[in-house]
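Colleague: I would like to learn how the helices and the core of a protein model can be read from computed geometry. Could we go through one together?

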Amino acid sequence: MFDRIREDIATFRSHDPAATSTISILLNSPGMRAIWAYRRQHWLWTHGHKLLARTLSTWSRHRFGVEIHPGATIGRRFVIDHGMGIVVGETTIIGDDCQLYQGVTLGGTGKEGGKRHPTLGNNVMVGAGTIVLGDIHIGDNVKVAAGSVVVHDVPADTTVAGNPAHVVRERTCPMLRLIPLSRDVDENIRWSCAL
């Protein structure tokens, strides 16, 4: 548990230039406190205490301005930056190293049952005021521009923007396509592709 807390604090410090110290993060980061509250509520949800989990999540929404359903699945090193107005639906799945800004909605499109909320891959950044709706998949390493409306799957390694969102930039590296997937990628090629 303490390793996870240290990891969260280090992640927030690396993503937020205003986070100047650990004590500053603990006192002034409602996004991180909302994530910690979600984790406790998710544990209750998955251990059969659904009413208590939902009641506590309602309290957290009022306290932090962030609504994360305790049934959602969220990976490690998740960052909520300026979290006011964020909504994360019950069947949402969020991978590792993802970041959401204020006013993001990861919601459903109606009263259908089953999986009805988005799935975000790893290393996804969703800009302020973005709406992502339905059982869609956002690939790894995707950036969603602020104010976008996403209602269709988004391929990995792209940037999308607009209403409806469309690909505005692909971040694939042609050098990586020349290497068989079964081999390790040379560090020089990784650096070349990062430029």
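Colleague: Which residues of α1 are buried?

Modeller: A caution comes before the reading: this is a predicted model, in which local features need pLDDT of at least 70, side-chain atom pairs count only at pLDDT 80 or more, and totals for chains, interfaces and linings use all residues. Residues are numbered from 1 along each chain as its sequence is written, and side-chain values use heavy atoms, with hydrogens and water left out. Buried means under 20% relative accessible area, exposed over 50%, and partly exposed in between, with a 1.4 Å probe and protein chains only. In α1, the buried residues are E7, D8, I9, T11 and F12, and they pack against α2 (22-28), α3 and β3, where contact means heavy atoms within 4.5 Å. Helices (H or I, at least four residues) and strands (E, at least two) are DSSP runs, numbered from the N terminus; the protein has 6 helices and 15 strands.

Colleague: What span should the 14 residues of α1 have?

Modeller: The expected span of a helix is 1.5 Å times one less than its number of residues. For α1 this gives 20 Å, and the end C-alpha atoms are 20 Å apart, which agrees. With 17 residues, α3 reaches 24 Å from its first C-alpha to its last, close to the 24 Å expected. Just after α3, G48 takes a positive phi of about 85°.

Colleague: At what angle do α1 and α3 pack?

Modeller: Two packed helices are described by the angle between their axes and the distance between the axes. Axes are lines fitted to C-alpha atoms, for helices over the stretch in contact, and angles run from 0 to 180 degrees between N-to-C directions. The angle between α1 and α3 is about 150°, and their axes are 11 Å apart. The two helices are therefore roughly antiparallel to each other, given that angles under 35 degrees count as roughly parallel, over 145 as roughly antiparallel, 65 to 115 as roughly perpendicular and the rest as oblique. On the α1 side the contact is made by R4, I5, D8, I9 and F12, and on the α3 side by G31, M32, I35, W36 and R39.

Colleague: Where do the axes of α3 and α4 come, and at what angle do they cross?

Modeller: The axes of α3 and α4 (50-64) come within 8 Å and cross at roughly 170°, and that makes α3 roughly antiparallel to α4. What covers the buried residues of α3 includes α1, α2, α4, β1, β2 (73-74) and β3.

Colleague: Which residues of the largest nonpolar core touch the most other members?

Modeller: In soluble globular proteins, nonpolar side chains tend to be buried together. A nonpolar core is a set of buried Ala, Val, Leu, Ile, Met, Phe, Trp, Tyr and Cys residues joined through side-chain atoms within 4.5 Å. Of the 36 residues in the largest one here, I68, F78, V88, L100, L106 and I138 touch the most other members. The largest share of this core, 6 residues, comes from α3. Leaving aside neighbours within four places in sequence, L100 is in contact with residues including F78, V88 and L106.

Colleague: Is M84 buried or exposed?

Modeller: M84, found in the loop between β3 and β4, counts as exposed at 59% relative accessibility. Its C-alpha atom is separated by 7.3 Å from that of F64, 20 residues apart along the chain.
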